[in-house]
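Please open the model in your viewer and keep the selection tool at hand. The tour below goes from stop to stop, saying at each one what to select and what is there.

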Amino acid sequence: MTDTTTSERILIIDFGSQVTQLIARRVRESGVYCEVHPFNRVDKDSIEKFTPKGIILSGGPASVTEGDSPRAPDGVFEMGLPILGICYGEQTMVEQLGGKVVMSDHREFGRAFVDVLDNCPLFDGVWARGDREQVWMSHGDRIESIPEGFQPVATSENAPYAAIANERKNLYGVQFHVEVVHTPHGAQLLKNFTHGICGCSGSWTMAAFREQEIAKVRAQVGSGRVICALSGGVDSSVVAVLLHEAIGEQLTCVFVDTGMMRAREADEVVTLFRDHYNISLIHSDASEMFLSNLEGVSDPEQKRKIIGATFIDVFDAEAKTIGGADFLAQGTLYPDVIESVSFTGGPSVTIKSHHNVGGLPERMNMTLVEPLRELFKDEVRALGRELGLPEAFVKRHPFPGPGLAIRLPGEITFERLEILRKADAIYLEEIRNAGLYDAIWQAFAVLLPVQTVGVMGDGRTYEYVCALRAVTSSDGMTADYYPFDHEFLGRTVNRIINEVRGINRVVYDITSKPPGTIEWE
C-alpha cells in the first residue's frame, strides 16, 4: 500500500465493480483521502499498517453463493473499524458474518425505490423513517437473512434488506450503489459514513497534497538527478513544475518531438517551460527515429509498443548527455494504476501499453518517480492551479502519449500526419471560437485509412475520410459525445474540406464510452 503521510484515510476494497473508482472520487470530493486495493492484495496486517479510519467494500460481478467467490480479508470485521458494504460488499459481509444470500428470481437493475424503515447514522440529515427514496440497483442475488446484531433500515420491492445496520459495531450495508449519480443522495450518504461514522474531518486538500508530495520526492530522490518525460499535457506539466519546486536544478525535463504532435505544440511547450519557469529543458527532435520505427506498422497495439520502446531509447540517450540520471519522472495517474491491476489476480486487461506502470526496463538503470499516481485527472488540474500553472495549460484537453499515431488508423506516414494535423487544428480552432473548449473533455480529428469518391468543382476526387470526435466526461473512465448543433458541424466540415487537401468527406462520431473508447486506437 502507498506510504503516505495522510493522517485520515479510507480503504476501499475492490471486488471488481465497474464503478469502484466512483466510490474513490466521491470520498475524495468530500475532502477525505482514500485508496482502492483489490480484495486479494490486502490482509489484516496490511490494513493495520495502512491505518484507515474506515473501510468500504465495493460491488462486484461475482455471486457470494458460489464457493470460490471473493471474500473480505479474514478478521476484517473484528478489527473495530467502521465498514460500509456496497452491493456485493454488503452481501459478502452478510455471508461472512452468518447471514444468508440466495439467488433471486427477481433481479434489480437500474432505478429503484427504497422505503426507509428506521433512522440510522448512515441516513443522518438525509433520509428519515417513512421516506421513499430513489436509488440505483444492480444485483441478481438477494439477502435472505441478516447476521445477529444487524437490523434492516431500508427495503425495496426485490431487496428486503436494501440497507442494514449494526450500530454497535459500526457495520453498515446497502444493496444499492451510493457512488453513482442515479442515487441522488448517494454522495451525502457516503459523507455520513466517512465524516459522521468514521470521524474524518475532510481536511485533505491540494495544498496539503502539494507539501506532502514535495517532501516525499525530496526523500526519494535525495541528491540524485531526475529526468522528466514532458509531453506538454497537463499531467506531465504538473509533474515538471512540482518536481522543480521540490528539487530545483536536479531536474532536467526532456520534451521529445515524435513528429506526431499537434500543430505548434512543440513551440508552445518549449516556450512555457524555458521562459516562464526557467526549467532545464532538452528539446529532442526524434521524429525521424519514430517514423522510421513505425514504417509499415498498422496494428494499434504494436504501434503503442514501438512508440513506448522508442521513448525509452530517447530518454536513455538524453540521460547520458547530462552525465546520467538516477530517476525518470512521468505523469502516471491513479486510473492508470488501477487499470493495470486485475482484481482477480490474473493478467490485467491492457488499457494503455505506453504507460510504464509496471516499471522500467532493467537496462535503463533508473527508478520511476510518479508523484501523481494517487490522483484522478480533475485532482491533477486542481494541483496545477495550486502550483500556479497557467490556466491555458491546466485546462488543456488530454493528449495521448503516442500522440497522433493512435488517431491515424492504419500505417503512419508523414503525408497522412500533415493532413491530420491541419484538420485537427481547424477543428480545435472552431471549438475555441464557439466558446466550447472548456465544456468538452476531449476533442480531436481522426484520419481514416479509407478513401471515398467526391466531387470538387467539375472534377472527381478520391480522398480520405476524416472523423471528428468530442466527448464530455468527468474523469475519462466513462464519456458521452458532445451534442454540437448542425450549424457548428457544417461550418467546421466546410473549412476542413476547403482548406485541407486530401480530405473530401467528414463524419462525426457519436459513440459513448462504453461501448467505445474515447480514442480510436
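This is a predicted model: local features need pLDDT of at least 70, side-chain atom pairs count only at pLDDT 80 or more; totals for chains, interfaces and linings use all residues.

Helices (H or I, at least four residues) and strands (E, at least two) are DSSP runs, numbered from the N terminus, while axes are lines fitted to C-alpha atoms, for helices over the stretch in contact, with angles running from 0 to 180 degrees between N-to-C directions.

Residues are numbered from 1 along each chain as its sequence is written, and side-chain values use heavy atoms, with hydrogens and water left out.

Staying with this pair, look along the crossing, where H6 passes H11 in a left-handed manner; a crossing is left-handed if the near helix is turned anticlockwise from the far one by less than a right angle, and right-handed if clockwise. Select Val234, Asp235 and Val238 in H6, which meet Lys377, Val380, Arg381, Leu383 and Gly384 in H11, contact meaning heavy atoms within 4.5 Å. By class, this contact of H6 with H11 has 4 nonpolar, 1 polar and 3 charged residues, where Ala, Val, Leu, Ile, Met, Phe, Trp, Tyr, Cys and Pro count as nonpolar, Asp, Glu, Lys and Arg as charged, and the others, Gly among them, as polar.

Next, still in helix H6, select Ser237. Is Ser237 buried or exposed? At 0% relative accessibility, Ser237 counts as buried, a term that means under 20% relative accessible area, with exposed meaning over 50% and partly exposed in between (1.4 Å probe, protein chains only). Leaving aside residues up to four places away in sequence, Ser237 touches Leu230, Gly232, Phe273, Leu389 and Phe393.

In soluble globular proteins, nonpolar side chains tend to be buried together. Centre the view on Ile431, which touches Leu436, Tyr437, Ile440, Ala443, Phe484 and Phe488 when residues up to four places away in sequence are not counted.

Now select helix H13 (residues 414–433) and helix H14 (residues 486–499), whose axes come within 10 Å and cross at roughly 150 degrees. H13 and H14 are therefore roughly antiparallel to each other, and H13 passes H14 in a right-handed crossing. On the H13 side the contact is made by Ala423, Ile426, Tyr427, Glu429, Glu430 and Ile431, and on the H14 side by Phe488, Arg491, Thr492, Arg495, Ile496 and Glu499. These residues divide into 6 nonpolar, 1 polar and 5 charged.

The next stops concern the backbone. Most residues other than glycine have a negative phi, and most peptide bonds are trans. Select Cys87, in the loop between strand E4 (83–86) and helix H3 (88–96), where phi is positive at about 55 degrees although Cys87 is not a glycine; with a relative accessible area of 4%, Cys87 is buried. Asn170, in the loop between strand E8 (163–166) and strand E9 (171–174), also has a positive phi, near 55 degrees, and is partly exposed, with a relative accessible area of 26%.

Asn170 leads on to Leu81, which touches Ile47, Pro52, Lys53, Ile55, Lys169, Asn170 and Leu171, again not counting residues up to four places away in sequence. Leu81 lies in the loop between strand E3 (54–57) and E4, and counts as buried at 17% relative accessibility.

Finish in the segment after strand E18 (503–508), where Pro514 is placed. The peptide bond from Lys513 to Pro514 is cis, with omega near -15 degrees, and the bond from Pro514 to Pro515 is cis too, with omega near 10 degrees.

Technical notes. Angles under 35 degrees count as roughly parallel, over 145 as roughly antiparallel, 65 to 115 as roughly perpendicular and the rest as oblique.
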